[in-house]
Amino acid sequence: MNRRGIQRTPWPVSVLAALAIAFFTLPLIGLLWRAPWRDLLDILGRDQVRTALWLSIRTSLAAAAVATVLGVPLAWMLARSRLPGRSAWRALATMSMVLPPVVGGVSLLSSFGRRGLFGRHLEDWFGVQLTFTVWGVILAQAFVAMPFLVLAVEGAIHQVDSRLEGAARSLGGSPWYVFRRITIPAARSGVAAGVVLAWARAFGEFGATITFAGNYPGRTQTLSIATYLALDVDPDVATALSVLMIAVSFAVLVGLRDRWLGRTVAPT
Amino acid sequence: MTLRARIVVRRPNFVLDVDIELEENRTLALVGPNGAGKSSVLHALGGLVPIDDGIISVDGRVFDDPTSSTWVDPSERDIGVVFQGGLLFDTMTVGENIVFGLRARGSRRARAVEVARPLVEHFGLGDLLTRRPRELSGGQIQRVAIARALLVRPRVLLLDEPTSTLDSAARREFRGEFRRILDGFAGYRILVTHDPGEARALADRVIVLERGRIVRDVAARDYSGWSSDTAGE
C-alpha cells in the first residue's frame, strides 16, 4: 500500500473488505477442516462418484456450448441491433439468473416436461423426451447459465468501437462476415469470460436440474445432486465431493483468470 | 461520368444539407471547422449513415435515394474509405488487414495475397505484413489503411483526415506521396482535412463546410483559408 499517495485506503473500507474476505474464506476452511482426507482418494474413486463427476463435466461443457451458440448472437442483438423493446428482451433473457433455480425447473417442466406445453408434442411427434434424461440436464443447466454469458458478451460488444464494423462493411464485408471476423474477435475476452462463467454456473447447477431432470445415477445425477443426497447418508462423502468440486472450479478459474477474465477488466 | 450527392441528414442538434457534384479523376477537399459535417458527408457516401433526403449516385448508379427507397449496402458500393486514424483491425496482422476486402468478397487467402503483392510493394509494406497494427508508426498506419482501401479497386476513394496521426513535419513529407497516390487513382477522390495547406496541395477543388452547409466552393489554387476571412490552421 502506498502510504504517501493520495490513494490511501480508508480504514473502514479495509476493515469491511477484510470481513468480506473472511466471509468467503471461513466456509472453505471449515470444509477443508471437515474433509475426510484419509479416505478422500477412496471416496473419490468410487464408481458412483466417478460417474457423477464425468456426467457433470460432460453436461456442463455441453450446456456452456449451447449457451455460447445461442447466447453470443443474442448478446449481439441486445448490444447492436435496433430491436424494439431491447430492455424488455434483456430482462427476459437474464431472468433465469435471478429466478430461484427450482422455479426455473418447474417452468421447464411445464413447457418441456412430458405433459408440458411443448414437451408433449416433442414426445408425440419426434419421440423425444427431455425430462429425466441427460438432455434434460443439459437443458436445465443451459437455461440457468446462459444469462451469465449474455451479460458478459453484451458488455464486451458494447466496448467494441462500432466504427471498426463500419470500416469492415465499407470494405465489402457482409453483416455476417463482419460479425464473425471483426465484432466477435474484438470482444473475445468478454466471450471467453462469459463461457467460463456459464460453464461454472452449469457445473454447479442443482435446483433446476433435479426439478426437471430428476436424480438417476449415471443419467441425471450430477456431482452437485450426488453431494446433496450424500449429506443425509454419509456426510463424509458429501464433504469429499464438495472438496472435489471446489478443486475443479478453483483450478479452472485460476487457470483462466489471467489469460482471459482479467483482460475484460483491464484491457491491455 | 460524375458523382452526384445531395445529402440531407437530420439530427436533433444538427442538419447537414449539401449538394456536391464531382467529375471523374478529380480530387475534392472538404474543409471546415470541427462539427461542420465533413465526416458525415463521407459516411453518407460510404453508406455508413443513411441520408434522410436527397440522392447519392456514382456513374449514374443510385446508391441511396429515400424517395424511391433505393439503398445499396455499403459492401456493394465500390467506395474505398480511409478512416480517420486508419481504423486498422487490431485483432489481425497488417497483411490480414490489407487483404480484408478481398477475403470479405470471398477470395481465398493465397489468391488475395497474390493480388495484393504489387500494392504491398508499391507502399513498401513488405516487412510489416506479420506485424500488429499497434506496432506501427502513424505514417505506416496510414499507408496500410490506404492500401487496404485501394485493394478492392473502388470507384470512389474517401479519405477522412488522412494525416491527422502525423506530426506537422511528417505531414508535409507525406504530402508528395499522397499527391502521387491520389493522382494515380482513377475515379472520384474526396479528402476531408482541416489543413488548408493540405487542401491546396492535394485537391483540385475545395468545398468549405460550416454548420452543415457549403459556404464556399472554389478551385484549390484560389483557396486560402476556411472561409473568406479566416486563415484556417
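Here is a short walk through a sheet in chain B, a helix that packs on it, and one loop residue. The model is predicted, with local features needing pLDDT of at least 70 and side-chain atom pairs counting only at pLDDT 80 or more, while totals for chains, interfaces and linings use all residues. Residues are numbered from 1 along each chain as its sequence is written, and chains are lettered from A and ligands numbered from 1 in the order in which they are written.

Let us begin with the sheet. Chain B holds an open sheet of 6 strands in the order β7-β8-β9-β3-β10-β11, with mixed pairing. Strands (E, at least two residues) and helices (H or I, at least four) are DSSP runs numbered from the N terminus, and two strands pair if DSSP finds at least two bridges between them. At the edges of the sheet sit β7 (79–82) and β11 (213–219) of chain B, each pairing on one side only. From one strand to the next, the twist averages 15°, with axes fitted to C-alpha atoms (for helices, over the stretch in contact) and angles running from 0 to 180 degrees between N-to-C directions.

Helix α1 (residues 38–46) of chain B packs on this sheet, touching β3 (26–31), β7, β8, β9 and β10 (205–210) of chain B. Its direction makes about 150° with that of β8(B). Contact here asks that C-beta atoms, placed from the backbone, lie within 7 Å.

Now look at β8 (residues 156–160) of chain B, which runs parallel to β9 (residues 188–192) of chain B and is joined to that strand by 5 bridges. In this pair, B:L159 stands opposite B:L191.

Finally, B:S164 lies in the loop between β8 and α6 (168–184) of chain B. Leaving aside neighbours within four places in sequence, B:S164 is in contact with B:Q84 and B:G85.

Conventions: Two residues are in contact if their C-beta atoms, placed from the backbone, lie within 7 Å.
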